[in-house]
Amino acid sequence: MNERRTALACLIPLLLIGAVFFYGFLLWTGWLSLTRSNLLPSNDFVGLKQYERLLLDPRWQAALWNLLRFSFAFVLLPLAIGLGLALLLDQRLRGEGLLRWVWLHPMALSMVVTGSAWRWLMDPEQGIAEGVRSLGWTGFRWDWLAQEEMAVYALVVAAVWQISGFVMALFLAGLRGIDESMLQAARLDGAAGWKLLRRVILPQLGPSLFSALLVLLPAAIKTFDLVVVLTEGGPGQASELPAFYMFQMAFERSRLGLGAASSMVLVMMVLSIALPYAIVRSRRRVTA
Amino acid sequence: MTRLALASVRALALLLAGVAQAADLELLHSWTSGSEAAMVTELKAAAQRGGVDLKTTAVAGSSNANTLLKARFLSGHAPTLAQTDKPLRIWAEAVPLADLGPDVGAQIAALPHAVAVELRDARHKPAAVPLNVHRLNTLWSNRRVLRVHGLGVPQDWDEFHRTAAALLRAGVLPLAIGSSAGQKLSLFVGIVLGRAGRDFFERAVVQADPALLAGERMAALLQEFRSLKGYTDAGQVSRDWTGATALLLQGRAAFQFTGDWANGEFQKAGWRPGVDYDCTAAPGNGGLHYFEFDRLVFFAQPARLGSQQRLAGLLLQADTSARLARLKGGIPVRRDADLSGFNACAQRSAADFRAGEARGELVLALSARLGESAYGGLRDVLSAYWASERMTPQQAQTRLAQALRQKD
């Protein structure tokens, strides 16, 4: 009992900080989203007016559409690349240790560093494009950063580069977890190559896939730093994502109420992914 | 448990409050570049000479400074004065401002009208002081490049298009521009003022006249605005205005539209106005002076009102005003300030400013006149339209009208 009390005493400061900085500010933001707050917070209640403004704002609609395009690529590409790399590494390659280190390396960088580096690499005048031109292909152009349609995919390039190694690690762990005797049995039954992969290996990677999705989806919704350093939402607002919109409105445009409303929508989006998972997990624990 | 909670809260409060203020007055600002920092040092010295103990807190980036300023208000430790880029009424609605008194009021009344109105709150009490004026509708020309190709500085937009086309044929980038929305706004304002004049600008953009915004003339102006994109390069997305000025200094570009802060870049590179580079009003703008001005807003802190009033009075004096402007690169606000020591570009700007004031034709920048939502919306539409290949001028007109109608 005494031990229990000590443990609790150690946890309380952390819980307190968590309560204040997470739930406290969540509630405050929720309240602000219902007020007329502009430059500074105010307690002038306006109901759902801010949400109405938000939904009618073409900039917000564009940000949601961009998020859809971004997440689609940001989830599918790392899954495909990560799985491919993991399968490759699982062939008992000689340089596995080195390759794993190289592929995991981008994870060690923050999005800000990744974004800044890719900003130079993708610079239409000075980056990779200029390198290719100086090699002799003088008509070469790679100016996604300057194109309204393609700027979102410039974000995808940097983000996928960053996260694919992590997804690979998840899949690799999954692959290593597959019982060797099961593979042997399948091989004895004549399964090999593609068939073995599709029928035996992939079905067992379910948990890895699930973990990867649970990391990728919220990460896509929360993407902010990458937009700031790579495109600043531009050209125009062509690569603006919701989190960037929220920051712009709340802190640059003095529309705190509107920014709060947009962040509440973001929270709900993340929760809609995280809550079902939490519920499933807690159910499983009860039955177990 | 409660004691623990209390202690945590108290520690938090301390963290948020930051260091206690020792000086009498504190100025929060974002003037951090070389010339700006020199101006702040001079400002402090001037305060000291007048017997005011002034502490300055610098934050890099105006949006960071604004965020910190708001946080300081929320935590109950507001500075006594701050640099502001917002219309004064936005602050006046949010927090109580200081009343700088009749002496400062009289000095403000002697300033150009367009400036003076932005320094008083809703009850006509003076609550802010101006530091210096920046002309925004300036065309910076690379005389070295123009001379090589036998071209001159264009005086109107038709001439600008002809010159730019000739430069394109010669393989020179006609127009250097960066990624910020403000630089596109400068182009747009230059076109509206240069093609349609001051009255149209006032009625269509400032007062958001729906008929003018939806009219043929606005469509043509928007079309011409985007046609300028043909004179720019794809590299614009990853440079700021200094990067664009650097293109001129490297001899790779011929023109740039930006405020008179660019003057310092040319001077630093040792370029002489009229010989190596030139600074003229945007094409067709003639003597129209479209400007913004740096200003300090004073917050209500009754215990420090005396010092606030003394500092405000000091900063309004002609010689202080001239010294600060010379260091920062603009022109003095006061009409009677001595202009010796200012270079040709600043002299020309000051002459146009004074003449414009005499004719009653000064044009104060949109940033100080539109509400924040409308101003932000205008910049959004212009930069989206500039970036887009598909948005038609008519669609841009509709969005422009929506943006300018917004109330804060």
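# Helices, domains and contacts

User: How many helices and how many strands does chain A have?

Analyst: Helices (H or I, at least four residues) and strands (E, at least two) are DSSP runs, numbered from the N terminus. From that terminus on, the elements of chain A run α-α-α-α-α-α-α-α-α-α-α-α-α. Chain A has 13 helices and zero strands.

User: Which pLDDT do local features need in this predicted model?

Analyst: The term pLDDT denotes the predictor's confidence in each residue, from 0 to 100. Residues are numbered from 1 along each chain as its sequence is written, while chains are lettered from A and ligands numbered from 1 in the order in which they are written. In this predicted model, totals for chains, interfaces and linings use all residues, side-chain atom pairs count only at pLDDT 80 or more, and local features need pLDDT of at least 70.

User: Which element of chain A has the highest mean pLDDT?

Analyst: The mean pLDDT of chain A is 89, and 98% of its residues reach 70 or more. Among the elements of chain A, helix α9 (residues 193-201) has the lowest mean, 82, and the highest, 94, belongs to helix α3 (residues 58-89) of chain A.

User: Are α3(A) and α7(A) roughly parallel or oblique to each other?

Analyst: Axes are lines fitted to C-alpha atoms, for helices over the stretch in contact, and angles run from 0 to 180 degrees between N-to-C directions. The axes of α3(A) and helix α7 (residues 151-176) of chain A come within 6 Å and cross at roughly 40°. Angles under 35 degrees count as roughly parallel, over 145 as roughly antiparallel, 65 to 115 as roughly perpendicular and the rest as oblique. The two helices, α3(A) and α7(A), are therefore oblique.

User: How is α3(A) oriented relative to α10(A)?

Analyst: Helix α10 (residues 206-222) of chain A packs with α3(A) at an angle of about 150°, their axes being 9 Å apart. That angle makes α3(A) and α10(A) roughly antiparallel.

User: How many nonpolar, polar and charged residues has the contact of α3(A) with α10(A)?

Analyst: Two residues are in contact if their C-beta atoms, placed from the backbone, lie within 7 Å. The residues involved include A:L67, A:F70 and A:S71 of α3(A) and A:A212, A:L213 and A:L216 of α10(A). Ala, Val, Leu, Ile, Met, Phe, Trp, Tyr, Cys and Pro count as nonpolar, Asp, Glu, Lys and Arg as charged, and the others, Gly among them, as polar. By class, the contact of α3(A) with α10(A) has twelve nonpolar, two polar and no charged residues.

User: Which element gives the most to the side of chain B that touches chain A?

Analyst: The contact takes 28 residues from chain B and 26 residues from chain A. On the side of chain B, at least two residues each come from α1 (2-17), α3 (62-74), α4 (88-94) and α17 (372-387) of chain B. With eight residues, the element that gives the most is α17(B).

User: What distance separates the centres of domain 1 of chain B and domain 2 of chain B?

Analyst: Domain bounds come from an automatic or database domain assignment. Chain B is divided into domain 1 (14-134 + 294-342) and domain 2 (138-290 + 365-405). Taken over C-alpha atoms, the separation of the centres of these domains of chain B is 30 Å.

User: Over which residues of chain B does pLDDT stay under 50?

Analyst: Chain B has a mean pLDDT of 89, and 94% of its residues reach 70 or more. The stretch with pLDDT under 50, for which the model has five contacts beyond four places in sequence, is residues 14-21 of chain B.
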